[in-house]
Amino acid sequence: MVYHGAMPPRPRFHCVTTTILISLGVVAAQQPPAFRSGVQTVSIFATVRSADGRLVPDLTRDDFTVLDNGKRQEIAVFRKDVVPITVAMLLDMSGSVEREVTGVRSAAQAFVDRLWAGDRMRIGTFGIEIALSPRLTGDHAYLRHVLAEEIWPGGPTPLWQAIDAAMTSLTAEGGRRVILLFTDGYNTGSPFTQGIPDVGLPAIERRVDREGFMIYVVGLPSTMRMGGNMPMNAEMKWLSVDSGGGFYEVRKGDDPAETMGRIADELHHQYSIGFQPQILDGKAHKIDVKVTRPGPGMKVRTRRAYIASPIS
Amino acid sequence: MMTGRTAAALMITAVSLQAQGDTPRTEPARASVYVALAADQRTAIAKDRLTLMLDGAPQDIVTCAGGPHPLNVIALLDFSSTMHFHGAPPGFVMIDYGSERMFDKLLRGLPRIMQPADRIRFASFARGLVIGPETGPDQKAILNAFRAVHQEGGPSPLWDALIRSIDTLEAAAGRRVIIVFTDARATGNDHRFADVLARLIRSDVAVYALGLPDSPQAQVIAEGRNETLRRLAEESGGTFVLADASRGKRPPKLPGDMGKWLFESVGAIVEDARQQSRIDFTPAVPDGVHTVTVRLDGSEIGTRTRRHLIVQGRQ
């Protein structure tokens, strides 16, 4: 397993700003119940790992510095207890990962087994069809049945449409919203997804910035592309890193179930941080979160941008 | 993947608990089951030639009424994306099993195979779950009813659609039948397969399933897909027909072939359901779920009926 978390910022940010200026008036930043109502609060979920990759669970509010477009912000909300997660897990059923379906099912099952009380999840697949289980639930038995009865491999890879549909299915939810993907990462679109908005990566990036979705990607080796083991699509890496989520590449001999355990563990040990932006200009703002506690090699991952929209 | 047998065991337990939780009463109510007999045995079967057993114990048969019975049918059609794109056989000829053309022969032939008292609804599942209005053997009404439920792709909430169809038939008169045409790649369901089995046991609806073989280019065979359809049919006293087994040769390849197969299969189903014998009896067993066996002249060979029955009617 190869983890790609500590990637330098890509030059996407300026492009996003330009794009979002055109499509304003959208959604206030995500506001989980812990954040004060009636006040614009930008929520950030931070993963902190030490130099040796272990989660660091004992930081305090004073150990963090939050910068909004380079200006230090007062931390208005800080929690380090477990906040339930809301997950849409998407399983790539396209022909290029068809032979991996047994491993995908086992790994997905491993994640279900690691859901805690209060966590909720729905399971989706994409291939010929894009399908999402209607129930958003923490009921392990139901989720196991979906994995046992509704996994059918084959077809193209309508990746962006599937992510968009999964995000939409969580729109009404508060708190931390996670899209967890198993995929080889190459969108092919699909002629068989009638009625589902035909979106591309830019639209997904906008939703990440506007609505605060965290994207976790478990990258599967493709069995159909040239040489049979093409590297993972870089777009998926950037998307996940920019969202504050993570990207894990499964390689030959790796156990995807172990990867799922790592992701579940991470999601249950994140810091919830909120600040109230002083300027609500409708533009994309860059977020930097730093850990000031002395110590070598502490790494923080959070979303990298938000849209400073006034509350309507 | 959960096997049909495991699902059935769970389902029977669940249904038993539900049935036994009801208040016991004093007098057993009359119950009835439909039984399909070989074609040469369908008419005027004397009741003393039949043996009906619950959990292996013979029951007191009151009457046995042979067909024809008026039918109340839901034709449940899968218009999900996988039906519109059911793989590409060698030569890359894509079959659109969800196209209107596929159903042309069936739609035009239905008035001929229906009786005046028969009623049919079309229902479908894909992006939505649609159950259309009831209609009789009228050509124009049948075409309109079909078009009202036709869909162009989406997921496959097969289990939810079956449960909704069973619920819809609950108050219908006549022999209640669901004919489902699907590739059985169920997705996006609120209900599970076991829920459908449990619901079937509580109803007297027969499920007849028309399934499709795996596409020849599939790298991974969709194991268990058609087994679920077979289990539903067996549980309810219906039949399961796989497209490639229907004629003892290769699966129909062209829309015209497939349309003909559909029409012939539905015709056979309608005849089978219409001509079943209805056995009314007085159950002498406790409330609960019981296995059903029917024998003709002492043999189960040539008889087909539902697998389980809930006795819950002491009045």
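Across the interface of chain A and chain B, 13 residue pairs are in polar contact, both residues at pLDDT 80 or more. A polar contact is a pair of N or O atoms within 3.5 Å; within protein, one must be able to donate a hydrogen and the other to accept it, and residues adjacent in sequence count only if both atoms are side-chain atoms. On the chain A side, α2 (101-113), β8 (130-132) and α3 (140-149) each give two or more residues. Of these, α3(A) gives the most, with four residues. Helices (H or I, at least four residues) and strands (E, at least two) are DSSP runs, numbered from the N terminus.

This is a predicted model, in which local features need pLDDT of at least 70, side-chain atom pairs count only at pLDDT 80 or more, and totals for chains, interfaces and linings use all residues. Residues are numbered from 1 along each chain as its sequence is written, chains are lettered from A in the order in which they are written, and side-chain values use heavy atoms, with hydrogens and water left out.

One salt bridge (a side-chain nitrogen of Lys or Arg within 4 Å of a carboxyl oxygen of Asp or Glu) is counted between the chains. B:D190 and A:R135 meet in a salt bridge at 2.8 Å, N to O.

The area buried between chain A and chain B (accessible area, 1.4 Å probe, lost on being put together, summed over both) is about 2500 Å². Carbon and sulfur atoms give 55% of it. A:E129, A:E149 and A:W152 supply 28% of the area that chain A buries against chain B, more than any other three residues.

Confidence comes last. The mean pLDDT (the predictor's confidence in each residue, from 0 to 100) of chain A is 83.

Notes:
Buried area = accessible area lost by both parts, 1.4 Å probe.
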